[in-house]
Amino acid sequence: MSNAYYTMKVAEITQETADAITLHLDHPDKNNIPYIPGQFLTLILPVNGQKVRRSYSLCSIPGEPYFSVTVKRVEGGLVSNFLADTAQVGQTIEVMAPLGNFVLKPDATQKRHIFLFGGGSGITPLMSMLKSTLKHEPQSRITLVYGNRNLESVIFKDQLAQLEQQYPQNLKIVHVFNESIADATEAQENIGLLDRTMVLRLLENLRVPGYQQESFYMCGPEAMMNEVREALHFMRVPNNQIFKESFTAPTSTEEHGADVTAAADSDEIIARTVTIIYEGQEYQVEVKPNETILEAGLKADIDLPYSCQAGLCTACMGKCLSGRVHLDEREGLSDAEIAQGYVLNCVGHPLTADVVIEIG
């Protein structure tokens with residue numbers, strides 16, 4: 001197996017809410033594997049006799065004793081519900097090394113205002129960013145706007161309250177609840193959806209002078225993130241100051257279906273042979289019209305890296321050295337990566353007969 005894979009032991013389990021747990025995983029052989037706040041772990045689990053992979057954002061920060069991921073039970077969630085039902089302290093879990101481009105690198109010299117918009121379990125990568133920035137970037141300010149159904153569904157509720165108390169000058173947390181709050185002490189909280197109107201109203205009050213540099217990070221339901229992005233665009237926030245992480249593929253493909261290079265109208269998805277260069281070896285695989293490059297590679301017994309299989313996580317990313325590839329989704333790639341020829345094999349289909357992809 002590639003050295004990108006590790007076996008980690010569950011050291012502790014924290015019950016965050018009625019339907020969310022945090023798994024605290026020991027560093028393998030006490031080896032502190034590096035990662036950047038915002039990245040995720042891919043867990044590989046035996047479910048119903050098959051190995052299934054799912055990505056979970058790290059809510060811990062580098063330097064903490066454990067790798068921590070939070071898993072929320074969801075209707076129809078094969079792996080999330082499996083973990084919620086069966087996870088035990090002492091069990092071992094196979095994982096891939098941390099990956100992901102939705103990151104925030106702390107810089108002690110910075111003085112900036114970082115806005116974090118989270119919905120539900122979307123708080124997990126934001127939690128890592130928040131804690132790391134508070135620890136390593138003392139001149140910066142963080143504002144977290146966190147939407148949930150009600151007070152009981154707030155993941156990390158006590159931990160967030162403690163951090164706000166510990167860093168009163170650096171951290172402001174605003175909760176937005178869908179349901180009315182009976183407790184009078186919570187009457188000041190915002191009730192309603194975290195939509196464009198709510199975001200515009202909040203930002204009017206939350207932006208403070210003295211921070212010319214602002215950045216906006218969001219993670220949560222796609223509809224919520226679209227509303228936040230619309231509000232930011234209305235305020236003329238440049239795109240290079242807005243960052244997002246998707247846990248599921250967007251429902252609309254209007255912006256996302258893409259060819260790595262402009263393709264002629266005659267190009268079509270048919271069976272073609274693709275050359276894959278991986279770990280110093282060269283492989284030729286036939287990719288049929290109804291399968292992706294990743295699926296064809298796995299079928300040929302090439303131990304290719306992958307995780308989400310939805311074009312989001314970049315675990316399967318490779319560089320297209322020649323030929324053209326159509327991507328069903330491009331959510332995981334930046335415009336710059338697309339321009340440089342990077343592709344996501346889990347949603348990639350060859351459009352020409354000369355496709356060569358280098359991975360790693």
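Trainee: Which residues of H2 and H3 meet each other?
Mentor: This is a predicted model, so keep that in mind throughout. From H2 you have Met127, Leu130, Lys131 and Leu134, and they meet Gln159, Leu160 and Leu163 in H3.

Trainee: How do those residues divide into nonpolar, polar and charged?
Mentor: In the contact of H2 with H3, five are nonpolar, one is polar and one is charged.

Trainee: And at what angle do the axes of H2 and H3 cross?
Mentor: At roughly 25°, and the axes come within 12 Å. Angles under 35 degrees count as roughly parallel, so H2 is roughly parallel to H3.

Trainee: Left-handed or right-handed, when H2 passes H3?
Mentor: Left-handed for H2 and H3.

Trainee: OK, what about H4 and H5, how do they pack?
Mentor: Helix H4 covers residues 196–206 and helix H5 covers residues 222–234. Their axes are 8 Å apart, at an angle of about 50°. That is why H4 and H5 are called oblique to each other. The crossing of H4 and H5 is right-handed.

Trainee: Which residues make that contact?
Mentor: H4 brings Arg196, Val199, Leu200 and Leu203. H5 brings Glu227, Val228, Glu230, Ala231, Leu232 and Phe234. Sorted by class, the contact of H4 with H5 has seven nonpolar residues, three charged ones and no polar ones.

Trainee: Switching to the inside now. How many residues are in the largest nonpolar core?
Mentor: The largest nonpolar core has 25 residues. Leu116, Leu126, Leu130, Leu144, Leu160 and Tyr217 are those with the most contacts inside it.

Trainee: Which helices and strands supply at least two residues each?
Mentor: For the helices, look at H2 (123–136) and H3 (157–166). For the strands, look at S7 (113–119), S8 (141–148), S9 (171–177) and S11 (214–219).

Trainee: Where does the largest share of this core come from?
Mentor: From H2, with six residues.

Trainee: What does leucine 126 touch?
Mentor: Leaving out residues up to four places away in sequence, leucine 126 touches Phe102, Leu116, Phe117, Gly118, Leu144, Tyr217 and Cys219. Apart from that core lies another one, of 24 residues, and among them are Ile276, Val285, Cys320 and Val343.

Trainee: Where do they sit?
Mentor: Aspartate 301 lies in the loop between helix H6 (293–299) and strand S16 (317–322). Threonine 314 has its place in the loop between H6 and S16 too.

Trainee: Is threonine 314 buried or exposed?
Mentor: Threonine 314 is buried, because its relative accessible area is 11%. Aspartate 301 counts as exposed, at 72% relative accessibility.

Trainee: One more loop. Where is asparagine 178?
Mentor: Asparagine 178 lies in the loop between S9 and strand S10 (190–191). With a relative accessible area of 44%, asparagine 178 is partly exposed.

Trainee: And which residues is asparagine 178 in contact with?
Mentor: Setting aside neighbours within four places in sequence, they are Asn148, Arg149, Ile191, Gly192 and Leu193. Asparagine 178 and leucine 193 are 15 residues apart along the chain, with C-alpha atoms separated by 5.7 Å.

Trainee: Last one: what does lysine 244 touch?
Mentor: Lysine 244 is found in strand S12 (residues 242–245). Not counting residues up to four places away in sequence, lysine 244 touches Phe102, Met218, Glu222, Met225, Arg229 and Glu331.

Conventions. Residues numbered from 1 in each chain as written. Predicted model: local features only at pLDDT ≥ 70, side-chain atom pairs only at ≥ 80, totals over all residues. Heavy atoms only, no water. Core = buried A, V, L, I, M, F, W, Y, C linked by side-chain atoms within 4.5 Å. Buried < 20%, exposed > 50% of the residue type's maximum accessible area, 1.4 Å probe, protein only. Helix = DSSP H or I, 4+ residues; strand = E, 2+ residues; numbered from the N terminus. Contact = heavy atoms within 4.5 Å. Axes fitted to C-alpha atoms, helices over the stretch in contact; angles between N-to-C directions. Parallel < 35°, antiparallel > 145°, perpendicular 65-115°, else oblique. Left-handed = near helix turned anticlockwise from the far one by under 90°. Nonpolar A, V, L, I, M, F, W, Y, C, P; charged D, E, K, R; others polar.
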